[in-house]
Amino acid sequence: MKFYTKQHRFYCGVDLHADAMYLCILDATGEIVLHKNIATRPKDFLKQIKPYRDGLVVGCECMFTWYWLADLCADEEIDFVLGHALYMRAIHGGKAKNDKIDSHKIAVLLRGGSFPLAYVYPKEMRATRDLLRRRNHLARKRAELFSHIQNTATQYNLPEPLGRIAKPSDRGDLLTKFRDPIVRRMVEIDLLTIEHYEELLGTLERQLEKVAEHHDPISLALLKSIQGVGRILGMVILYEIENIARFPREQDFASYCRLVKPAKESNGKKYGHSGKKIGNAHLRWAFGEAVVLMLKGNKPAQAVLQKLASKHGKGKALAILSHRLGRAVYYMLKNQEPFDQDRFLRLGA
């Protein structure tokens, strides 16, 4: 975890909400020069900080409302830092809590060099990343509908299993297998919704791919060189990483991707693991999915998985390969090299 340690004349802590924002500005000695609740409007914010803009740094917690404030500070050439929400909660937790107290504590953390930093994602790629996340949300909703159809077939104990119904060509006379007209109507609604999702997702994926090729075509091509990584997983990994240079070590990258379990230890005794929710959940899903897809029809990879599973169990074996793939991606993007499966599977070792 990195902390903001740069010195300034003034430190502005912002407790930011959708309709209001509490400002606390400290000078270099720690004295409060402004402590005020204002409306969440750019003009009001700029008006309040105007006397202190020379040498000012603005910090707020990484919540869903930070985009506009970061962009405003960038346009106005004001230093802006984003605080890691989970680490900040652990550092400045106290008995009493309200917006006034929180804004003051954020300013104190800034001034004291204890402000835990989160990454300010660049504006030019931020909207595409969010749209890609929304696409994944819709894909999961579609998967839920497929599961509902399969569960309905199980409820009524159909004589023959439905089999794979993910592709339209595999569905055939699916509705005729349900004799009850009400049940048939329920399944029909699921299928109609699935068809709508498929049309929407198809258009959205083509648009996203065009944008991704414009942003960083080389990195996207490198990611697609991994067996099992197609256009969707490639774009997810690309946009969630954004710039591999922001991770100084492979360990930092693996931790960010939730591919490691931080140990809790004191006085030589281990107390399990913690910090499971600190990191990027989208990258954790992407690497887990990529490993599963890599194994399909890939006999060398399946042999390595079986060897690991015999020692650790299948679940941990997949986690080991996910961690290994994350490290491979780090060096692929850092050195601009395509994926080498033999090296990944350590077949030459």
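**Note on the predicted model: helix packing, the sheet and selected residues**

1. Helix H7 (residues 217-224) packs against helix H8 (residues 231-241) at an angle of about 125°, and their axes lie 9 Å apart. Axes here are lines fitted to C-alpha atoms, for helices over the stretch in contact, and angles run from 0 to 180 degrees between N-to-C directions. H7 and H8 are therefore oblique to each other; angles under 35 degrees count as roughly parallel, over 145 as roughly antiparallel, 65 to 115 as roughly perpendicular and the rest as oblique. Helices (H or I, at least four residues) and strands (E, at least two) are DSSP runs, numbered from the N terminus.

2. The crossing of H7 and H8 is right-handed. A crossing is called left-handed if the near helix is turned anticlockwise from the far one by less than a right angle, and right-handed if clockwise. On the H7 side the contact is made by Ser219, Leu220, Leu223 and Lys224, and on the H8 side by Arg231, Gly234, Met235, Ile237 and Leu238. Contact means heavy atoms within 4.5 Å. By class, this contact of H7 with H8 has 5 nonpolar, 2 polar and 2 charged residues. In that count Ala, Val, Leu, Ile, Met, Phe, Trp, Tyr, Cys and Pro are nonpolar, Asp, Glu, Lys and Arg are charged, and the others, Gly among them, are polar.

3. On the source of the values: this is a predicted model, in which local features need pLDDT of at least 70 and side-chain atom pairs count only at pLDDT 80 or more, while totals for chains, interfaces and linings use all residues. Residues are numbered from 1 along each chain as its sequence is written, and side-chain values use heavy atoms, with hydrogens and water left out.

4. H8 also packs with helix H10 (residues 281-295), at an angle of about 150° and with the axes 10 Å apart. That angle makes H8 roughly antiparallel to H10. The crossing of H8 and H10 is left-handed. From H8, Leu233, Val236, Ile237, Glu240 and Ile241 take part; they meet His282, Leu283, Trp285, Ala286, Phe287, Glu289, Ala290 and Leu293 in H10. By class, the contact of H8 with H10 has 10 nonpolar, 1 polar and 2 charged residues.

5. Thr128 lies in H5 and is buried, with a relative accessible area of 14%. Buried means under 20% relative accessible area, exposed over 50%, and partly exposed in between (1.4 Å probe, protein chains only). Not counting residues up to four places away in sequence, Thr128 touches Leu208, Val211, His215 and Tyr239. Arg135 also lies in H5 and is buried, at a relative accessible area of 8%. Its contacts, leaving aside neighbours within four places in sequence, are Leu201, Leu204, Glu205, Leu208 and Ile232.

6. An open sheet is formed by 7 strands in the order S1-S7-S6-S5-S2-S3-S4, with mixed pairing. Two strands pair if DSSP finds at least two bridges between them. Strand S1 (3-4) and strand S4 (32-39) are the edge strands, each pairing on one side only. Strand S5 (residues 56-61) and strand S6 (residues 79-83) pair in the parallel sense over 5 bridges, and Val58 stands opposite Phe80 in S6.

7. Helix H1 (residues 42-49) packs on the sheet and touches strand S2 (10-16), strand S3 (20-27), S4 and S5; its direction makes about 165° with that of S4. Helix H4 (residues 99-112) lies across S1, S2, S3, S4, S5, S6 and strand S7 (115-118), and runs at about 40° to S3.

8. Pro262 lies in the loop between helix H9 (250-256) and strand S8 (263-266). At 36% relative accessibility, Pro262 counts as partly exposed. Pro262 and Lys276 are 14 residues apart in sequence and 7.9 Å apart in space, C-alpha to C-alpha.

9. Ala309 is in helix H11 (residues 299-312) and is partly exposed, with a relative accessible area of 23%. Not counting residues up to four places away in sequence, Ala309 touches Lys314 and Ala317.

10. For the whole protein, there are 13 helices and 9 strands, and buried residues make up 40% of the 349 residues. The C-alpha trace spans about 75 × 55 × 45 Å along its principal axes.
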